[in-house]
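Work through the exercises below with the sequence and the 3D structure at hand. Try each task before reading its solution.

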Amino acid sequence: MTKVAQARRNGRIRRHRRVRKKIHGTAARPRLAVFRSNKHLSVQVIDDDAGTTLASATTNEAELRSAGTGSSVEAATKIGVLIGERAKAAGIEKVVFDRGGFAYHGRIAAVASAAREAGLEF
């Protein structure tokens with residue numbers, strides 16, 4: 001890993017730790033955590049008290065992999081809708097959004113807005 005890439009990664013991790021000081025998921029209001037890589041996007045609804053994942057969605061799933069690239073805003077929108085549907089099926093109405101140290105822009109914002117439109121309340 002180059003020095004520039006290492007510095008960017010360390011900066012994201014520092015921002016993520018700073019965000020996680022303030023955000024904690026409970027059974028009543030779990031945490032919607034987003035992870036963005038260069039090729040894919042992964043979203044989980046997590047109960048931090050119990051340490052369990054209640055619902056998850058990723059662009060690496062078979063039906064979404066065949067639809068095209070996982071590194072686009074369109075794919076992020078599909079993931080947001082999918083995680084909203086899965087969370088509602090699990091009985092979750094309200095969540096706390098954890099952007100994971102990533103800027104609230106582009107794919108991260110697309111996931112959040114699509115999850116809101118699917119019925120999740122932030």
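Two exercises follow, each with a worked solution.

The model is predicted: local features need pLDDT of at least 70, side-chain atom pairs count only at pLDDT 80 or more, and totals for chains, interfaces and linings use all residues. Residues are numbered from 1 along each chain as its sequence is written, and side-chain values use heavy atoms, with hydrogens and water left out.

**Exercise 1.** Determine the order of the elements of the protein from the N terminus on.

Solution. Take helices (H or I, at least four residues) and strands (E, at least two) as DSSP runs, numbered from the N terminus. This gives 4 helices and 4 strands. Their order is α-β-β-β-α-α-β-α.

**Exercise 2.** Classify the aromatic pairs that Phe-97 forms with Tyr-104 and with Phe-122.

Solution. Step 1: rings of Phe, Tyr and Trp (its six-membered ring) pair if their centres lie within 6.5 Å; planes under 30 degrees apart count as stacked, over 60 as edge-to-face and the rest as tilted. The protein has 3 aromatic pairs by this rule.

Step 1: the ring centres of Phe-97 and Tyr-104 are 6.0 Å apart with planes at 90°, so this pair is edge-to-face.

Step 2: Phe-97 and Phe-122 are stacked, at 5.4 Å centre to centre and 20° between the planes. Phe-97 lies in strand 4 (residues 96-98) and Phe-122 in the segment after helix 4 (107-117), 25 residues apart.
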